[in-house]
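Look at the model below before reading on.

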Amino acid sequence: MIDTNVLTVSENMKIDKNNYKYNTTNILNHEDDLQCEEFEETPLYAAVLTYIGYAILCLFGWLRDFMRQSNIEKKRGAIDPNASLDFVPLYQSYESFYTRNMYTRVRDIFNRPITSVPGPQFELAERVSDDYNWTYRFTGKTISAINLGSYNYLGFAERTGSCATDAIDAIKSYGIATCSTNSEIGTQFYHVELEQLLAKFLGVESCIAFGMGFATNALNLPVLASKGDLILSDELNHCSLILGIRLSGACYQTYAHNDINDLEKKLRVAIVQGHPRTNRPWKKIIIVVEGVYSMEGSICRLPQLIELKKKYKAYLYMDEAHSIGAMGKSGRGIVDYFNLNTDDVDILMGTFTKSFGSAGGYIAGKKSLIDHIRVNSHANTYASSMSAPIVQQIISSLHVLNCPEGKNRISQLADNTRYFRQKLMNMGFIVYGNKNSPVVPMLLYLPARVTRFNREMLRRGIAVVTVGFPATKLLESRVRFCISAAHTRQMLDTTLAAIDEVGTELSLRYSTRYQHRRLKDI
Amino acid sequence: MYKTKQQRQSAWYYPLLEVIQSYYMQFLLASTLYVMEPWERILVLSIFFLIISLVTYSAFIYIPFHIHNILQATTPIITDIFKH
């Protein structure tokens, strides 16, 4: 199916040496260039090989479990100590089967310890296993590698610079622990300064900051929603949002990822039918979305969501963990990216871990909302308040973002993102997501190829994060590159050359929409 | 006599060995034997070759007999035609 649009773009109509015309329609979901997303379908042979691969792993898992059970082989994992005493078994689910027989075989590609600040280039501790990843020993050497796994979008993870100096001065002036909660005696003036600065940065009335990003979601959704409310959440929402939704006690439904029609249908049904048993009207309906989804690289459809929420009088909660600082002309997130009004999104949530190089989370919105959260949230009344150097790092990075240096970082990130994504797609790899999102997931499918890719990239001095089954769907194992403003063009070129080489050795070019090309031919 | 690396690489069987190695790696990756321990790989490969050798052996023994049978049943014999 060749769309008429393609005829105007001459590059897409090339025929390769086998005279095979590649199907190169670029699926534009909207007239906007801002919402241009692609999620290419899984090719059949990759799906079949992936299923066969997992089936073989399963067979060998049963064989090894049988050998361990009949004492031919020593049991090395966690053992139930009271297995013979008629207790309910501790480890019975498929999860522990997976951990013993599939995860442990390839465990050396996950959870690698690092020995330096996670900047654009960092040091990894070299570790070696003599017994197939059950135990490790450190050789004492470190591997220097380009870092494509840290959420260092604006490059604030650095040991030197104004932010680091300010944070060290803050330790000297204020110490490390505040030894109290926010509501008792732990609120210092720098907490108030942070909240005011952040509110001015985002363009909202008021803001409240917490010590942990995950807890911000998990403990504040119960404040906003309770029994009698309905929450509609995207199917690919983060675990913290799901936990918060479940803890709140509200009824919840999930809708297909970024599918506004599905959401509208569910909204209409919910408003007409009310509660499932009593048919009473819902007290309020909250739509929970994320700004940038970290496993897909897709961006939420904010203009349509705002239109929908105004039409059906629902509330919108947006989790901008990966998009604050990284998206938008001045780094103010998705609202800035689409040039919309911040008053339209009722609850803006974000974290300081990704773009600000610190730790913690915040919620921003109207003053009445924030005052309500301040009084009723468990995270405010029971959690220890944020430590001084952490707050100072955020304040310094906010000051930097307002200067020309910050604008440089934001535009460098956008430049790096577009360059990297465009090159990867032109080489013929399947890359998901919006072309402006700094999270670049590239699909690898087969579990053995995922392992080999990770090890080969490390051998070439590039550390990447590969994710497989429990975090993603069974078929769609991927490698997720997190582009940073601190990556130089040369680092990206080295990475692209390595991906090109490894991709050719492992035949990772699955795309049918783009021609398969080597890097030197682009 | 010690050969230099250049001389060793131009020996005729090294490119062949590289090609075989790359095909072996592709096979290991596609069948997920890459993540298995050596004894598991040997087990799978030996089962695979056992099945292939059984099929080949049966083919060698039984196919000539079957072809002879089929030919005998389908081609008319001249003497039969002369008798009738």
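What follows describes a predicted model. In this predicted model, local features need pLDDT of at least 70 and side-chain atom pairs pLDDT 80 or more, while totals for chains, interfaces and linings use all residues. Residues are numbered from 1 along each chain as its sequence is written, chains are lettered from A and ligands numbered from 1 in the order written, and side-chain values use heavy atoms, without hydrogens and water.

Chain A holds an open, antiparallel sheet of three strands in the order S12-S15-S14. Strands are DSSP runs (E, at least two residues), as are helices (H or I, at least four), numbered from the N terminus; two strands pair if DSSP finds at least two bridges between them. S12 (439-443) and S14 (465-467) of chain A are the edge strands, each pairing on one side only. Five antiparallel bridges join S12(A) to S15 (residues 478-482) of chain A, and Leu443(A) stands opposite Arg478(A) in S15(A). Helix H14 (residues 404-427) of chain A packs on the sheet, touching S12 and S15 of chain A; contact means heavy atoms within 4.5 Å.

Phe352(A) and Phe356(A) form an edge-to-face aromatic pair, 5.8 Å centre to centre with 65 degrees between the planes. Rings of Phe, Tyr and Trp (its six-membered ring) pair if their centres lie within 6.5 Å; planes under 30 degrees apart count as stacked, over 60 as edge-to-face and the rest as tilted. Phe352(A) and Phe356(A) belong to one aromatic cluster with Phe201(A) and Tyr362(A).

Notes. Axes fitted to C-alpha atoms, helices over the stretch in contact; angles between N-to-C directions.
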